[in-house]
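Reader: Please show me how to read a structure, one feature at a time.

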Amino acid sequence: VGVVIINFKRYLIYLLLLSSLFGAKYLAVLELEPIGLSETEAKVLTQRLTSKMIELSDYIIVERANIDKILKEQKFQHSGCTDSQCAVEIGQLLNADLTVIGTASKFGSTYTMDTRIINVESGEALFSASYTHTGAIDELVMDGIESISHKLLGIPYKKKISSGFT
């Protein structure tokens, strides 16, 4: 009887592991649309956002190369994709459950990021996040991406204050 229980527990663990693999959710971070910024700056911000989403979330993140490859194969023009309908169409092509869309903008010396996480099945915006900073663009890369990622994933965020001491 003891051997049967041990084997049953072992099979139950394998079954739970397999079910968690099939229940995985896929998230695609689409290229941030630059407004008043260069394409290169928008790409850097998109890459940092993707890396932060990988770090913070439990989602399987669709790799940038795979996104570009699939969209190129489908001849889908995704530049300027900042609305829910476009995000849903791309998400369906990528077999993603969720997509992140948004803009990175510069107006005068003020930089902003506005993003949304979209449920591909329903088209509903689950969370939105914005970040505004006056000064150098570096702040978007350092604190802006961190703040945006936390808000999109519904994770509380506290800005880190640098004291200048190590």
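Author: Begin with a definition for angles between axes: under 35 degrees counts as roughly parallel, over 145 as roughly antiparallel, 65 to 115 as roughly perpendicular, and the rest as oblique. Residues are numbered from 1 along each chain as its sequence is written, and side-chain values use heavy atoms, leaving out hydrogens and water.

Reader: What is the mean pLDDT of the chain?

Author: The term pLDDT is the predictor's confidence in each residue, from 0 to 100. The mean for this chain is 83, and 79% of its residues reach 70 or more. Over residues 1–5 the pLDDT is below 50, and this stretch has 0 contacts (heavy atoms within 4.5 Å) beyond near neighbours in sequence. Residues 14–20 also stay under 50, with 0 contacts beyond four places in sequence. Where pLDDT is low, the predicted coordinates should not be read in detail.

Reader: How many helices and strands are in the chain?

Author: Helices (H or I, at least four residues) and strands (E, at least two) are DSSP runs, numbered from the N terminus. The chain has 5 helices and 6 strands. Their order from the N terminus is α-β-β-α-β-α-α-β-β-β-α. Among contacts with a separation of 6 or more, 53% join residues 24 or more positions apart.

Reader: How do I describe two helices that pack together?

Author: Two packed helices are described by the angle between their axes and the distance between the axes. Axes are lines fitted to C-alpha atoms, for helices over the stretch in contact, and angles run from 0 to 180 degrees between N-to-C directions. Here the axes of α2 and α5 come within 9 Å and cross at roughly 50°. The two helices are therefore oblique to each other. A crossing is left-handed if the near helix is turned anticlockwise from the far one by less than a right angle, and right-handed if clockwise. For α2 and α5 the crossing is right-handed. The residues in contact include Leu45, Leu49 and Met53 of α2 and Ile145, Ser149 and Leu152 of α5.

Reader: At what angle do the axes of α3 and α4 cross?

Author: They cross at roughly 95° and come within 10 Å. That makes α3 roughly perpendicular to α4. From α3, Asn66, Ile67, Ile70 and Leu71 make the contact, and from α4, Ile90, Leu93 and Leu94.

Reader: Which residues of α4 are buried?

Author: Buried means under 20% relative accessible area, exposed over 50%, and partly exposed in between (1.4 Å probe, protein chains only). In α4, the buried residues are Cys86, Ala87, Val88, Ile90, Gly91 and Leu94. They pack against β1, α3, β4 and β5. Of the 166 residues of the chain, 36% count as buried.

Reader: How many residues has the largest nonpolar core?

Author: A nonpolar core is a set of buried Ala, Val, Leu, Ile, Met, Phe, Trp, Tyr and Cys residues joined through side-chain atoms within 4.5 Å. The largest one has 22 residues, and Leu27, Leu45, Leu49, Met53, Val100 and Met113 have the most contacts inside it. The elements giving two or more residues to this core are β1, α2, β4, β5, β6 and α5. Its largest share, 5 residues, comes from α5. Another core, of 15 residues, lies apart from it, with Val62, Leu71, Cys81 and Leu94 among its members.

Reader: Is Lys52 buried or exposed?

Author: Lys52, in helix α2, is buried, with a relative accessible area of 12%. Leaving aside residues up to four places away in sequence, Lys52 touches Ile145, Glu146 and Ser149. Ser147, in α5, is buried too, with a value of 5%. Counted in that way, Ser147 touches Tyr131 and Tyr157.

Conventions:
Predicted model: local features only at pLDDT ≥ 70, side-chain atom pairs only at ≥ 80, totals over all residues.
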